[in-house]
Amino acid sequence: MSTRTTKSSPAAAAVATHRLPSYLDPNHLGPWGTYLQQVDRVAPYLGPLSRWVETLKRPKRALIVDVPIELDNGTIAHFEGYRVQHNVSRGPGKGGVRFHQDVTLSEVMALAAWMSVKNAAVNVPYGGAKGGIRVDPRNLTKGELERLTRRYTSEIGIIIGPNKDIPAPDVNTNEKVMAWMMDTYSMNTGATATGVVTGKPVDMGGSLGRREATGRGVFTVGSEAARQIGLPIEGARVAVQGFGNVGGIAGKLFAEAGALVVAVQDHSGGVANDKGLNVPKLLEHVAKTGGVAGFRGAESITSTEFWSCKCDIMIPAALEGQINKQNASKIKAKMVIEGANGPTTPEADDILQDKGVLVVPDVIANAGGVTVSYFEWVQDFSSFFWSEDEINQRLIKIMKDAFDGVWNTAQQHKVSLRTATFIVACTRILTARDLRGLYP
Ligand code: NAD
């Protein structure tokens, strides 16, 4: 919109100078722009519910907090933190907390929105939320990390709670961080509140199977999708980007099922072995050194070599925007299973679709983590804990059923699995929105 005005009324000038906030500008691509394009693609399939579609394009609430901490050397450092609740029509907000030097409000908004879609896709009774701190935690000592976590939890304490918004681990956060968050919230409210976060240690209200749940979900949904396109897992060549909680477990489960994990890339570099990497040994190496670089029994590869490697299944399990118009055409896989949130840009989605590559989208593929988080939250409320076998069986059933529903929707409307997942999920979200009506 032009900002130039001729002789005009104050109202006209106000309109003329009005610009969309940057986060609502679809040309301002980034994770939030990607999400907005995905919503635009689903809108034609929502029927009468499409009158509510704008709801999906606006986060309900976004909190930016200053997180000051005293470093071990006595200086004071300030970090910017966020908690965004995208939509709570179906239940309390739910979504992870990310500690990363590139975290932005736009990114957290998109991640929160994808949580709304994901939670509805697997039909757990949550809305979507996400949080993060713009920090490289590798530069902090353990004490500094604990102070950062506790101060951040206190700052967002005004909007989280077991019935309001329940954080969980994401990139660079883990059980230990969740334990500090739970303790801080409990200290501030004066009562032990195990249900305020999920992904906690099992010894303090965590659930068996939670740590492996996202990777297990990636494996379950990936296997179902492979079956649909007639690709046997045994002997399939798999490449994984990101070898942390999600990529590491998914890689391990594919290897255990007889697949060959031929290439892995993480922040430290890339490694490959045409005959298949020894995944348990690679996991040990990562646990010891912090990354895959330097792993013996593999050759090191560049990023370009990773994306163009000969494989059947590619699993991006690191960050957003990793598969983009620069590398999408080089991908040789028959199938991409999105372990990460938002790893494929809309342009890359189109390139992959034109090449006949099946993309199993994040909003269904990585929903295993939040599904077991839901089990953990239910167990915390009832103070009654289930066996790991029970958790895994329930997880696998939910993931398979959800995937089948999405697959059938895709066939029915002749759309991609991403648009199909959005159709299923956004219909659920907006049905709840419609039933609740607008307040006041
Ligand atoms: P993690 O911190 O355990 O692992 C992150 C991995 O990404 C590490 O191997 C790291 O080296 C790698 N990485 C970071 N920057 C990279 C870069 N520039 N290039 C290549 N690799 C890079 O995190 P995680 O929990 O495994 O999360 C990974 C992705 O999965 C994220 O997108 C996250 O939002 C998503 N996810 C996680 C969960 C969960 O339960 N943890 C659930 C759903 C989705």
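This is a predicted model: local features need pLDDT of at least 70, side-chain atom pairs count only at pLDDT 80 or more; totals for chains, interfaces and linings use all residues.
User: What makes Tyr-374 partly exposed?

Analyst: The relative accessible area of Tyr-374 is 23%, and since a residue is buried under 20% and exposed over 50%, the value for Tyr-374 lies in between, so Tyr-374 is partly exposed.

User: Why is the aromatic pair of Tyr-374 and Phe-375 called tilted?

Analyst: The planes of Tyr-374 and Phe-375 stand at 45°, with 6.2 Å centre to centre; planes under 30 degrees apart would count as stacked and those over 60 as edge-to-face, so this pair belongs with the rest, which are tilted. Both residues are also part of a cluster linked by ring pairs, together with Tyr-126, Trp-377, Phe-381 and Trp-386.

User: What sits over the ring of Trp-386?

Analyst: The charged end of Arg-394 sits there, 4.1 Å from the centre of the ring, and the distance part of the rule asks for a value within 6 Å.

User: How many aromatic pairs does the structure hold, and what makes the one between Phe-306 and Trp-307 edge-to-face?

Analyst: The structure holds eleven aromatic pairs. In the pair of Phe-306 and Trp-307, the angle between the planes is 80° and the centres are 4.9 Å apart, and because planes over 60 degrees apart count as edge-to-face, this pair is given that name. Both Phe-306 and Trp-307 are buried.

User: Why is strand β5 said to be largely enclosed by the rest of the structure?

Analyst: Strand β5 covers residues 165-169, and four of its five residues are buried, so the strand is largely enclosed.

Definitions and conventions
Residues are numbered from 1 along each chain as its sequence is written. Side-chain values use heavy atoms; hydrogens and water are left out. Buried means under 20% relative accessible area, exposed over 50%, partly exposed in between (1.4 Å probe, protein chains only). Helices (H or I, at least four residues) and strands (E, at least two) are DSSP runs, numbered from the N terminus. Rings of Phe, Tyr and Trp (its six-membered ring) pair if their centres lie within 6.5 Å; planes under 30 degrees apart count as stacked, over 60 as edge-to-face and the rest as tilted. A charge sits over a ring if NZ of Lys or CZ of Arg is within 6 Å of the ring centre and within 35 degrees of the ring normal.
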